Structures are given as C-alpha cells and as structure tokens.
Amino acid sequence: DTNAAWGGRFAEATDAFVAEFTASINFDQRLYRHDIEGSIAHATMLAEVGVLTEAERKAIVVGLESVRDDIAAGRQKWSVALEDVHMNVEAALTEKIGPVGKKLHTGRSRNDQIATDIRLYVRDAIDGLGAELTRLQQGLVGLAEQEADTIMPGFTHLQTAQPVTFGHHLLAWNEMLQRDFERLRDCRKRVNQMPLGAAALAGTTYPIDRARTAELLGFEKPTENSLDSVSDRDFAIEFTHCGALIMMHLSRMSEELVLWTSAQFDFIDLPDRFCTGSSIMPQKKNPDVPELVRGKTGRVYGHLTSLLTLMKSQPLAYNKDNQEDKEPLFDTIDTLAGSLRAFADMVPHIQAKRNVMKSAAIRGYSTATDLADYLVKKGMAFRDAHEVVGKSVAYGLDQGKDLSEMTLDELKQFSQTITEDVFEVLTLEGSVAARDHLGGTAPIQVRAAAGRARTRLAER
Ligand code: ARG
C-alpha cells in the first residue's frame, strides 16, 4: 500500500525499505505532547474563525486529548507506514472520532506543524535546563560562601601562580554558568515565535488568525514570512550552540575535579555515591561523573556541526533534509539534562581538603608577586623587584625553603630594602586579603560577590 495521506497520485506502493528509510516515527514520537498541543490550538482557532463548527472542534479536541492519554499510557501502536508523529496522531484521532478527524489538517501542512512542534519542544527544554542551571549555580554559590576563606593555589599554565580562595574559584565557575543562562534566555526569544499558518510554504487560503494561535500556544508572536518559517532551523542551531558552550564550561569544571581528586593534587573529596570503583584494582575510586561529562561534551559539539552542515546551502523552503534535525537536537537536550543534573546533585557535596590546598599554595612560591609588590611600595622599580624576588626563589628552591620560611638576613642578601614587616605580605592570608577590590580574591570580596550572585539567582 501507499500512504493514505498522500497516496492519491501514486501508481505503485512505496518500496518497503524506502518507507522505513524515510520514516521519522522512531525518533519524532517524543514530540507527541507538543504536536497535540499545537493541533488543539489550531483546531480552536479554526473554530473561532468559522472554518470548523463548534461541534467539530469539540470532537477533535476531546479526541486529541484521548489520543494523548493513550500514548502516555503506552497504548499507541506507532506505524512506520504512517511516517511520522503527525500522521500517526491524525490517524489515531480519525480512528477514534471518525471522519471529522480528517478536518484537523485544514489550513495547515506538516511543514509548519513540525516547525511549531520543535519550537515548543525546544522552548520547554530551555525552561527545564534553565532550572537545572539555577540549581547548579545555587550549589556553587553556597559552597563558595562556605569556602570563602579557604586558600588554594591559583594557577596559570597549570603552574602555581598566586594564592586564591577556593570560594573565588567556585564563583568563577558560577560566572561562566551565569552567562550560559543568559544566552539560553536570549535564544528563547527567537525560539518562541510561531510558524503555524505558513502551511506548506506560501500560507493558506483560509481566514486564519495566526495571532490567536500564537496566543493559545504561549508564543510571543507569529513569524513574519511563510517561506522562512517552514525552512530555517537557525533557532535549533542557536540552542545547540548555547548547549555546546554549557558543555564546554562543564568540561572545564570536570577537568579540574578530576585533577583535584587525584592523589597528586588531593584537593577535594567527592562522595562515594558520585564515584565508581575498578573491577581489578581494589583501591580505586574513580571520578566517573566529571569524566563522563567531559567526554559527553564531544557529542554536543558534534551535533552543532551536524546541524550547521544540515542547514548549509538548503534552498527555500522546506526540504526533507530537515527531518535530520531531530536526533542531534534531542541528544543535545538529553546530554545537557543529564550532565547538569549530575553536576547540580554533586557540587554541594564537594569536600575541600583545606590543609592540603593550603600547603600546596605554600609550596609553589605563590606569594612571590606579593614580595615584588612589597619592594615596589618601598620605592623599587617593578622590573628590579622582579629580579630580586626571582633570585630569592632560586635560593629557596636550592635550600628547600618557602619565602616565608627564610630569615630576615637570608632575604636581605637580595635587597637591603627588605625589613621585618615583609613577613606580613609573605603569608597566604595576607596575600589574598590584599586583593580587596571588586572581582578580587579577598575573602571579604568573595562573600560580597556570592551575595550578589544570590540576588541575581533569586531574581530569575
Ligand atoms: N517528518 C518531517 C520532518 O521531520 C515532517 C515534515 C514532513 N513534511 C513533508 N512535506 N514531508 O521534517
């Protein structure tokens, strides 16, 4: 048999493999709720403008709700012969309510229908992911407040650079996610526009009220141009791009968590419930969650490339190519949802090993810049101070001593300018406390920054 919805002009049945090859039902069935929501709004609008009678609208809406219940309860048998979610739902509706079900598709095409479905779906995904981002950020800010005074080495080139507070480091992560949230919110504006009414490509001859359908579906407004409405998937690409950036940020956090749980750093502990063991090495506790999130980043980057390539060079208007948008998009959403959930659950339970962090900061000569600044404040040019401190560090490396462990006489070998008060700047606490300005690592600034971050989160 050929397809009942479009078989009229065909002289032979669709090749069985071609039917299988061109069908999308195996992956687009997850759009059923949004598809039915769109159809209910469409039918409601058609009745309001007089294209459907009130009795027809009622039968269609009740029927669609019942189809939705059937699908939710697992009673729907999806048919590959019916190609996609749209025709499967319509066939189930007609089976339920009889010939009036066939009127639902008046003034509509699957082209504007699918464009609507995925916009509704992505809009929901943005809202769900935004809530998870908020939960993760709340966890980060809470931990940052708790660790506002915890000193750790800050790194450049992964070499110890200057001491920072762990709270400050966590708030750096929070800033990345804050921008990610704002990007999603901005993307949502372009997702939240309604293509229905574009029909196949040129619009429809029925007296439709697109503003009304948009209102019923919670869209901000109808799209402007019918050809553009059914064809472009830039909103999906933009969303995936936001997702790629979120994963990029999560992968950076993951990398640090993996490093920090290693015996070589030993800065933190992750609860056992977020880790797994080895089947051969009894001592192992592996940070699988961050490792996996780091690895999954590659998928989302791949999906972004897929979607960009899918859209490249497509002539107006709809092309079947666009059916290929769904799997990358769905996997992007699933990957983000899982990764954010795992992080939001795990982050509040990160245990800082404060003493280890602190001694690592001491070991790496992290207060060397402070000593140089001290000399500059006593009148030395910065370049000369840099040289003096460099020589002090070389001496310390040779003697196995940190700057703060040297006697005044030892330090004075390198500059007579150094006096007893030098030891105040050589402590880690003094070093971080001195960076006391907006955006600095001083504990007092970290507490203030965490407070501002909390306010932003509460205002969402
Ligand atoms: N399954 C199709 C898709 O995902 C729906 C639109 C099909 N339109 C068409 N004219 N064949 O894009």
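Everything here comes from a predicted model, where local features need pLDDT of at least 70, side-chain atom pairs count only at pLDDT 80 or more, and totals for chains, interfaces and linings use all residues. Residues are numbered from 1 along each chain as its sequence is written.

**View 1. Asp266 sits in a loop with a positive phi.**
The scale is simple: 20 or more other C-beta atoms within 10 Å of a residue's own means buried, 12 or fewer means exposed, and in between means partly exposed, with C-beta atoms placed from the backbone. The loop holding Asp266 runs between helix H10 (234-261) and strand S5 (268-269). Helices (H or I, at least four residues) and strands (E, at least two) are DSSP runs, numbered from the N terminus. The phi of Asp266 is about 60°, although Asp266 is not a glycine. Most residues other than glycine have a negative phi.

**View 2. A cis peptide bond joins Leu316 and Ala317.**
Omega for this bond is about 0°. Most peptide bonds are trans. Look for Ala317 in the loop between helix H11 (288-311) and helix H12 (326-346).

**View 3. Helix H13 (residues 354-363) has a buried side.**
The buried residues of H13 are Met357, Ala361 and Ile362. They cover an arc of only 140° around the axis, so they end up on the same side of H13. That arc is taken from the directions from the helix axis to the C-beta atoms. An α-helix has 3.6 residues a turn, so residues three or four places apart point the same way. Turned away from the buried side is a face that carries the exposed residues Asn355 and Arg363. The cover over the buried residues of H13 includes strand S1 (151-156), strand S2 (159-165), helix H7 (166-191), strand S6 (351-352) and helix H18 (428-434). Contact here means that the C-beta atoms of two residues, placed from the backbone, lie within 7 Å.

**View 4. Tyr365 follows H13 and has a positive phi.**
Tyr365 lies in the loop between H13 and helix H14 (368-377). Its phi is near 55°, and Tyr365 is a residue other than glycine. Tyr365 is buried, with 21 other C-beta atoms within 10 Å.

**View 5. Helices H14 and H15 (residues 382-399) cross at roughly 135°.**
Their axes come within 9 Å; axes are lines fitted to C-alpha atoms, for helices over the stretch in contact, and angles run from 0 to 180 degrees between N-to-C directions. Residues making the contact include Leu371 and Leu375 of H14, plus Phe382 and Val389 of H15.

**View 6. Helix H4 (residues 54-72) meets helix H5 (residues 85-97).**
The two axes come within 9 Å and cross at roughly 115°. Among the contact residues are Ile60, Gly63 and Val67 of H4, with Val89, Leu93 and Ile97 of H5.
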